[in-house]
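Subject: Structure handover

Hello,

Here is the structure I said I would pass on. Please look through it first, then read the notes below it.

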Amino acid sequence: MFSQIRYLISEAFRGWKEHHTVVFPSLVTIFLCSVLLGLSLASLLGSYRLSHVEDRLYRIEVFLKNPVPPDSIQKLQNELFQIKQFETVVYKSPDSAMQDFKKRFSDEMLSLVNGNPLPASFVMTLAPRYREPSILHEVVLSLENNPSFDAVESPVEFVDRISEWKFSMIFWPIATTVLIFVTLFLIIGNAVRLSLFSRKLLVENIKYAGGSAFFIEFPFLLEGVMQGVFASGVAAFLLGFLERSLVKEIPVLEYYLSGYSVLLLLVVVAVTLVSVYSSYRSVREFLKRDAVEN
């Protein structure tokens, strides 16, 4: 039993050595497809993280004219609560605004200013069902026309840009991923078929000697495993190194690419499984065709 397993393993490695003109292009193709697959998954991961950021962008802050009596503040807050698009309405006093400012900026920026120059404001967030760029524009415009407010701030341009690119950021990576898997299936299958035709006499001798289908298939399946693991592993290592280098240079990418190492591991597993299945299918088709011909 063990001698047969050793023979099967040695036959798989011998196939690599003797058919390197077929194996090498297949390895290069698997490597390039794995790189594209890793980049597509990085784009999908970034799109997923960006969707969470987008939800926080549907936020509007209106600044009040100073000074504002307490009864006017309560009246304005009640009016804002009547707007159906708002999920929350939070009042921010000048003191609270000053504390937030000091958390983000140094005290030196206010050293030449006496007192607290920051105005009171209301911070509103849109309800999930109203988080659309057109609705955000409509609400911002209505608030800008309200004479009670001195200024209105909202990241409408950023929301428009994300909405414009959202479809492309999701559709094209998915389409590329599907195309990559189809390409891998065809390339690996063709490589196995070429290897089978070159070793057709050996396969027939094993069949005549009473060898089982598993005994014939195992070397080719092992070749598929080795090709998938080696080529996709090199691609995953390269992409992992590139990801760490980019995060070091651009720290903001750390949030968007967090968990990317797990996706790279999935790339190796997925490519290896496709390689094994393609090898298995090609060998089975070859054996069935050979049986019909004989």
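Two strands are said to pair if DSSP finds at least two bridges between them. Helices (H or I, at least four residues) and strands (E, at least two) are DSSP runs, numbered from the N terminus. This is a predicted model, in which local features need pLDDT of at least 70 and side-chain atom pairs count only at pLDDT 80 or more, while totals for chains, interfaces and linings use all residues. Residues are numbered from 1 along each chain as its sequence is written, and side-chain values use heavy atoms, with hydrogens and water left out.

The sheet

Strand S1 (residues 59-64) pairs with strand S3 (residues 121-126) in the antiparallel sense, over five bridges. Within S3, Ser121 is the bridge partner of Phe63. Both strands belong to an open sheet of four strands with antiparallel pairing, in the order S2-S3-S1-S4. Its edge strands, S2 (86-92) and S4 (149-153), each pair on one side only. From one strand to the next, the twist averages 20 degrees. For angles, axes are lines fitted to C-alpha atoms, for helices over the stretch in contact, and the values run from 0 to 180 degrees between N-to-C directions.

The helices on it

Contact means heavy atoms within 4.5 Å. Helix H3 (residues 70-81) packs on the sheet and touches S1, S2, S3 and S4; its direction makes about 165 degrees with that of S2. Helix H5 (residues 133-144) lies across S1, S2, S3 and S4, and runs at about 5 degrees to S1.

The cores

A residue is buried under 20% relative accessible area, exposed over 50%, and partly exposed in between (1.4 Å probe, protein chains only). A nonpolar core is a set of buried Ala, Val, Leu, Ile, Met, Phe, Trp, Tyr and Cys residues joined through side-chain atoms within 4.5 Å. The largest one has 28 residues, and those with the most contacts inside it are Ile60, Phe86, Phe122, Met124 and Leu143. H5 gives the most to this core, with five residues. Phe86 touches residues including Ile60, Met124, Val139 and Leu143, not counting residues up to four places away in sequence.

Two single residues

Pro25 lies in helix H2 (residues 20-57) and is partly exposed, with a relative accessible area of 40%. The C-alpha atoms of Pro25 and Ile188 are 9.9 Å apart, although 163 residues separate them along the chain.

Regards
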